[in-house]
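Here are my notes on this one, written as numbered points. Keep the structure open beside you as you read.

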Amino acid sequence: PAGSVIHEWPGRGVEAGIAAMSEDSQKKSEGELDLFLKRIQRRQRFLKTLRSLEGALSLSLVAAALLILADRVYEPLTTTDQKVGAAAVLFLLSLLISAIRSKSTSIAGAVEVEKNTQIPQTISTAIYAREGKLTENTSRKVIEDAGEVSSSIDLAQALPIRSQIGRAHV
């Protein structure tokens with residue numbers, strides 16, 4: 001890295017010092033990439049759950065309407081508090097199921113971020129590199145580049161919530 005001083009390791013030489021620095025840099029880049037991929041997955045899960053709000057609300061309102069209809073047709077079976085409680089539990093249960101079902105792969109999240117931020121396929125290529133699908137030297141370089149790129153990306157702009165809200169009404 002720029003500004004680094006390469007020390008000669010006693011008994012090993014300058015090459016060993018460079019290799020150790022390269023290894024440290026790679027570990028740091030992999031750590032940054034892992035953290036970034038986890039942040040992408042959390043944000044995607046949140047956005048998918050947000051998209052399911054409309055369905056969950058509709059389901060809970062229909063359940064409440066059916067309970068009210070059953071009370072009108074037959075004799076009162078439940079109190080108003082029970083109807084509201086049942087609708088709320090159904091709403092929360094729908095959101096929970098949606099959050100659990102909304103898992104996405106790292107590669108899908110990386111591709112979406114790359115597309116939305118118009119950056120080259122650095123992050124998705126780094127995922128393939130980590131899986132051993134590239135040569136060792138190429139993998140190291142790609143992962144380091146992805147670590148640098150990921151630190152400069154703002155996920156709030158790459159995966160915006162506002163566009164998800166607008167998309168639900170279209």
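1. Some ground rules. Helices (H or I, at least four residues) and strands (E, at least two) are DSSP runs, numbered from the N terminus. You're looking at a predicted model, where local features need pLDDT of at least 70, side-chain atom pairs count only at pLDDT 80 or more, and totals for chains, interfaces and linings use all residues. Residues are numbered from 1 along each chain as its sequence is written, and side-chain values use heavy atoms, with hydrogens and water left out.

2. The overall picture. The protein chain has 8 helices and 0 strands, so calling a stretch helix or strand here just follows those DSSP runs. Buried residues (under 20% relative accessible area; exposed is over 50%, partly exposed in between, with a 1.4 Å probe and protein chains only) make up 28% of the 170 residues in the chain. Take contacts, meaning heavy atoms within 4.5 Å: among those between residues at least 6 apart in sequence, 68% join residues at least 24 apart.

3. The core. A nonpolar core is a set of buried Ala, Val, Leu, Ile, Met, Phe, Trp, Tyr and Cys residues joined through side-chain atoms within 4.5 Å. The largest one has 18 residues, and F36, L37, I40, V113, I123 and L155 have the most contacts inside it. At least two residues come from each of α1, α4 (106–117), α5 (122–130), α6 (136–151) and α7 (155–158), with α1 giving the most, 5 residues.

4. Helix α3. This helix (residues 80–101) has 22 residues and reaches 32 Å from its first C-alpha to its last, close to the 32 Å expected at 1.5 Å a residue (the expected span is 1.5 Å times one less than the number of residues). Which residues of α3 are buried? They are K83, A87, S94, L95 and S98.

5. T49 and L95 are 46 residues apart in sequence but 6.4 Å apart in space, C-alpha to C-alpha.

6. Salt bridges. A salt bridge is a side-chain nitrogen of Lys or Arg within 4 Å of a carboxyl oxygen of Asp or Glu, and the whole structure has 4 of them. D34 pairs with R130, the closest N and O atoms being 2.6 Å apart; this links distant parts of the chain, D34 in α1 and R130 in α5, 96 residues apart. K83 and D71 meet at 2.3 Å, N to O, and both are buried. D145 pairs with K141 at 3.2 Å. Where do D145 and K141 sit in helix α6? They are 4 residues apart, so about one helical turn separates them.
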